Structures are given as structure tokens and as C-alpha cells.
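Please keep the sequence and the three-dimensional view at hand while reading.

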Amino acid sequence: MAAKESRRIDDLATLKAFGHPLRMKLYRTLYVARTATASQLAEQVNEAVSLISYHLRKLADYGLIEEAPAQGKDGRERWWRPASDGLSFRDEDFRDAPEAVATHAAVGRLSFEQRSELYRSFLDSQTAWAPEWRGASFSSEYLARLTAEELAELGREMHALVWRYEEAGRAAEEAGDTEGREHVAFHLYGFPFRQ
């Protein structure tokens with residue numbers, strides 16, 4: 001996938017289209033694969049190809065994914081790729097109406113649930129990973145007292161740091177350095193709370 005900008009979802013129709021549990025899972029699976037067919041994705045998420053094709057078309061209708069150049073021998077296969085290097089949706093874009101607030105919250109909860117399931121799956125199977133992967137994985141919680149501006153700056157710095165590693169990993173992989181590489185999930189949350 002060529003380098004692209006991250007896409008900010010700022011309209012309710014697109015957020016609703018993305019906010020379907022299977023579509024969110026498909027987007028994540030396609031993002032990891034970089035390119036795939038409906039058949040390949042159906043196998044990975046254990047669903048019917050016809051159902052996957054329907055949801056892929058819906059994601060494409062809203063510009064979240066796009067057709068990729070054919071990679072197979074069979075020109076009839078339709079290949080897909082993410083249309084951007086990630087997605088974001090922010091509170092400030094969905095404050096103007098109760099439906100927008102509720103949809104933003106629901107998509108945020110669903111995203112968190114899917115991320116939690118991914119981490120639970122790792123915890124349940126971590127003994128199957130080599131010791132160096134178990135030793136490299138981490139889970140941390142930091143409890144700081146910050147202003148809203150400091151939290152926003154921390155978020156920007158963390159995103160830049162993770163993006164630097166992701167770009168370096170992609171470049172190395174494209175150059176043929178694939179030995180020892182695995183998909184790695186990195187979840188980060190920063191939010192205020194009161195005791």
C-alpha cells in the first residue's frame with residue numbers, strides 16, 4: 001500500500017457505515033493484510049464470501065476502502081485495500097446532535113470491545129508464543145495529572161512515535177527484511193477520570 005494520509009471520519013453517515021461490528025473487523029483485517037480479496041477475508045473472519053462482499057462494497061461506498069490492482073492470476077478476482085493509512089473519529093465532530101453523540105459513543109465502545117478481544121486472545125494463547133515475544137509484549141497503565149492541552153500534546157507525540165516505528169517496519173519488510181516480523185497491536189488510551 002502506498003503511503004497515504006490517515007482519514008478523519010467527520011460525518012455521521014460514514015461513521016454509521018463504519019460502525020457495524022463486521023465492517024470494523026474487516027477494515028482491521030484488511031489494514032493488516034494491506035490487500036486482500038473477499039474470499040481471503042471471509043476465510044480470516046469465518047463468514048460467507050457473499051456477506052463479506054456486501055460489507056466490503058459498503059465500506060467502499062463511503063471511501064474507507066478501495067479497489068487494489070489485481071494481484072492474482074485470475075483477472076476476475078476483486079482485490080481491496082484501505083483507502084488511507086488508518087482512520088480516526090473525534091468527539092468534536094459529533095457534538096451537534098443527540099444521534100451523533102450516541103453513534104460516536106457506540107462506535108467508540110465497539111472499537112474498544114474489539115481491541116479488548118484482541119488482547120484477551122493474546123493472553124489466552126501467550127504460551128504459544130516464543131519467549132522473546134512474551135518478553136517483548138507489555139501492558140502498562142500510567143496515572144498522571146495533566147491539563148487537557150498536555151494530554152493532547154502527549155497523544156500527538158505518542159502517535160508520531162508509533163507511526164515512526166510502523167513506517168520503518170513497512171519499509172524494512174518491503175526491502176525483504178521479513179524474518180522475525182509479526183503483526184503487533186499497540187492500543188493506547190488517554191482520558192480523564194475522577195475518583
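## Helix packing

In a right-handed crossing, helix 2 passes helix 5; a crossing is right-handed if the near helix is turned clockwise from the far one by less than a right angle, and left-handed if anticlockwise. The model is a predicted one, in which local features need pLDDT of at least 70 and side-chain atom pairs count only at pLDDT 80 or more, while totals for chains, interfaces and linings use all residues. Residues are numbered from 1 along each chain as its sequence is written, and side-chain values use heavy atoms, with hydrogens and water left out. Helices (H or I, at least four residues) and strands (E, at least two) are DSSP runs, numbered from the N terminus.

Two packed helices are described by the angle between their axes and the distance between the axes. Axes are lines fitted to C-alpha atoms, for helices over the stretch in contact, and angles run from 0 to 180 degrees between N-to-C directions. The axes of helix 2 and helix 5 (residues 98-125) cross at roughly 55° and come within 11 Å. Helix 2 and helix 5 are therefore oblique to each other; angles under 35 degrees count as roughly parallel, over 145 as roughly antiparallel, 65 to 115 as roughly perpendicular and the rest as oblique.

Helix 2 (residues 21-33) also packs against helix 3 (residues 38-45), at an angle of about 110° and with the axes 10 Å apart. Helix 2 is thus roughly perpendicular to helix 3. The crossing of helix 2 past helix 3 is right-handed.

## Salt bridges

Side chains of opposite charge can pair when their charged atoms come close. The structure holds twelve salt bridges, a salt bridge being a side-chain nitrogen of Lys or Arg within 4 Å of a carboxyl oxygen of Asp or Glu. The table lists some of them.

| Pair | Distance between the closest N and O atoms |
|---|---|
| Arg78 and Glu67 | 3.1 Å |
| Asp91 and Arg95 | 2.6 Å |
| Arg170 and Glu166 | 3.1 Å |

Arg78 forms a salt bridge with Glu67. Arg78 lies in the loop between strand 3 (65-68) and strand 4 (79-82) and Glu67 in strand 3, so the pair ties together parts that are eleven residues apart in sequence. Arg78 is partly exposed, at 40% relative accessible area, and Glu67 is partly exposed at 46%; buried means under 20% relative accessible area, exposed over 50%, and partly exposed in between (1.4 Å probe, protein chains only).

Asp91 is partly exposed at 39% relative accessibility, whereas Arg95 is exposed at 55%. Arg170 and Glu166 both lie in helix 7, four residues apart, about one turn of the helix. Arg170 is buried, with a relative accessible area of 10%, while Glu166 is partly exposed at 26%. A network of salt bridges links Arg8, Glu92 and Asp93.

## Surface

Phe112, Leu143, Tyr189, Phe191 and Phe193 make a nonpolar surface patch of about 570 Å². Patches are made of residues with over 30% relative accessible area and no salt bridge, with like charges joined within 9 Å and nonpolar side chains (Val, Leu, Ile, Met, Phe, Trp, Tyr) within 5 Å. Accessible areas come from the Shrake-Rupley method with a 1.4 Å probe; for residues, only the protein chains shown count as cover. Phe193, found in the segment after helix 7 (148-174), is partly exposed at 47% relative accessible area.

Ala160 lies in helix 7 and is partly exposed, with a relative accessible area of 48%. The C-alpha atoms of Ala160 and Glu47 are separated by 35 Å, the two residues being 113 residues apart along the chain.
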